[in-house]
Amino acid sequence: MNQPTCDLTLSPAGRRLRVAAGSALQDVLFEQGVEFPCGGRGRCKSCRVKLLKGRLQANAEETKLLTAVELADGWRLACRHCIDGDLELELAQWEMPILSDHSAFTFTPQAGLGVAVDLGTTTIAAQLLDMGTGNVLAVATALNAQARHGDDIITRVEFALHGGQTELERLIREQLGRMIEHLLAAAAPEQSLARIVLVGNTVMHHLFCGIDVTPLATHPFEPEHPGRFRFSPSQLGWNFGEETMVEFLPCIGGLVGPDILAGIVATGLHEGAGLAVLLDLGTNGEVVAGNRDKLLCTSTAAGPAFEGARISMGMRAATGAISEVQLIDRAVVCRVIGSGAPRGLCGSGLVDAVAAGLDLRWIEANGRMTLAGAMPLSGPVALLPQDVRELQLAKGAIAAGLRILAARFGATLADIQQLYLAGAFGNYISRTSAQRIGLLRTPVDRIVPAGNTALLGAKRALFEDAAAWDGLACRIEHVALHEEPEFQDIFAEEMRFPETA
Ligand code: FES
């Protein structure tokens, strides 16, 4: 007789396992590299897992060790449970660093509290601010609850198109409502919440606001309702006072969303005299170029290589990911997030690995790997020829987008005065490696890792008249790269790597 099995999904790595029903969760996770420092005695809390889907009834030991908030959020101790049904778990030991923001900015003081939210496809960052002082009172970060229906934006849209749009809307509205409730309860339960401003990419904008994502799935990928949306809390099923104003900032055009609009304001790109660029490297690499006179933007079909997807041993920048690769005396030396055993390669590690392969002449300028099989990195993790190809596609698309926008200003890439790298990947990527592979060709001293510009922009929006944001969105011209006659030729050129450093 066949033994019953259960499906176990582990986030944020997205690993899926089929295990025998009744297996000890500790045994299964140990096989996956999870550590149990107190030997599974329920003392150290290091084996915490967060229940995303399924059922794990909290037991008496857990109610003593974990706080009420942790338990309500679904945290459990893996060493205290067996697997009796399908489960989806987030592992605390595989935590992803989620970028928040603590930049100073100027503002006009206002009454009450405000919440700024950067709603990402993978992660969410929210900050509670005292709008009188501008001080950040509390920060909350989380993995996007929609991720159970697809890690990346493409699978998320596919799920929506196959009848899941309402479910995705429900998940994100409920999750954000809970996060904001926790922020208020932890920092300022007595004060009134005046305003909530959300930013995110175009798909997140549509899914949160309840707008059909179908136009985003087909050519020309133009949103039908790109504008700013305003809600009362009750429209979202949130239990805040009706005086709270909730706004999702407008999209710009194509797949360039409110997060990029926020990034423009955060970097001041729209106010400067010289040519500046904002680059957000994700599944759709978004590029904005301009100054106070003219602003252009585009999104490039860069593919998900920079997020570690479609790479044979690719993974997100979580515990166990090789995030840096260096050459020391021509030996490959890797840094692993969390200092444990390497489990895979994230985007910044991929860029470094290819740069190292080029310097060692293990990879040629056309992308061919001269080593037989694969380029070994650390432990079981290696770089395969098809991984190099994926990176070529991604970097070719980004570099072509940059070149085409710069040309519209009569400029070359060397003329860019300031190039801001937005988001987590931009924060961790080595600028030297990015230059070595030909992704960026602006002098290194003009490349600025700008952090979570989306969250900073959302915070600034809390203090400003939202109509100004609508005006700025209208000023930005969207360039559809696939309609540019020279795009294919430039893309093919940019897929090559530079011959030398
Ligand atoms: S391993 Fe220490 S509490 Fe589970």
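This is a predicted model: local features need pLDDT of at least 70, side-chain atom pairs count only at pLDDT 80 or more; totals for chains, interfaces and linings use all residues.

Me: What's the strand order in the open sheet of six strands?

Reply: The order is β8-β7-β6-β9-β11-β10, with mixed pairing. Strands here are DSSP runs of E with at least two residues, helices are runs of H or I with at least four, and both are numbered from the N terminus. Two strands pair if DSSP finds at least two bridges between them.

Me: And which strands are at the edges?

Reply: β8 (136–143) and β10, each pairing on one side only.

Me: How does β11 pair with β9, parallel or antiparallel?

Reply: Parallel, over four bridges, with β9 covering residues 193–200. β10 (residues 229–231) pairs with β11 in the antiparallel sense over three bridges. E247 in β11 stands opposite V197, and R230 also stands opposite E247.

Me: What about β7 and β8?

Reply: They run antiparallel, joined by seven bridges. Q127 stands opposite V139 in β8.

Me: OK, helices. At what angle do α9 and α14 pack?

Reply: About 125 degrees, with the axes 8 Å apart; α9 is residues 385–408 and α14 is 487–494. Axes are lines fitted to C-alpha atoms, for helices over the stretch in contact, and angles run from 0 to 180 degrees between N-to-C directions. That makes α9 oblique to α14, since angles under 35 degrees count as roughly parallel, over 145 as roughly antiparallel, 65 to 115 as roughly perpendicular and the rest as oblique.

Me: Which residues make the contact?

Reply: From α9 you have G396, A397, A399, A400, R403 and I404, and from α14 F487, I490, F491 and E494. Contact means C-beta atoms, placed from the backbone, within 7 Å.

Me: Switching topic: where does G257 sit?

Reply: In the loop between β11 (245–248) and α7 (258–267).

Me: Is G257 buried or exposed?

Reply: Buried, because 30 other C-beta atoms lie within 10 Å; the cut-off for buried is 20 or more, exposed is 12 or fewer, and partly exposed is in between, with C-beta atoms placed from the backbone.

Me: What does G257 touch?

Reply: Leaving out residues up to four places away in sequence, G257 touches G200, N201, T202, H205, C251 and I252.

Note on methods: Residues are numbered from 1 along each chain as its sequence is written. Two residues are in contact if their C-beta atoms, placed from the backbone, lie within 7 Å.
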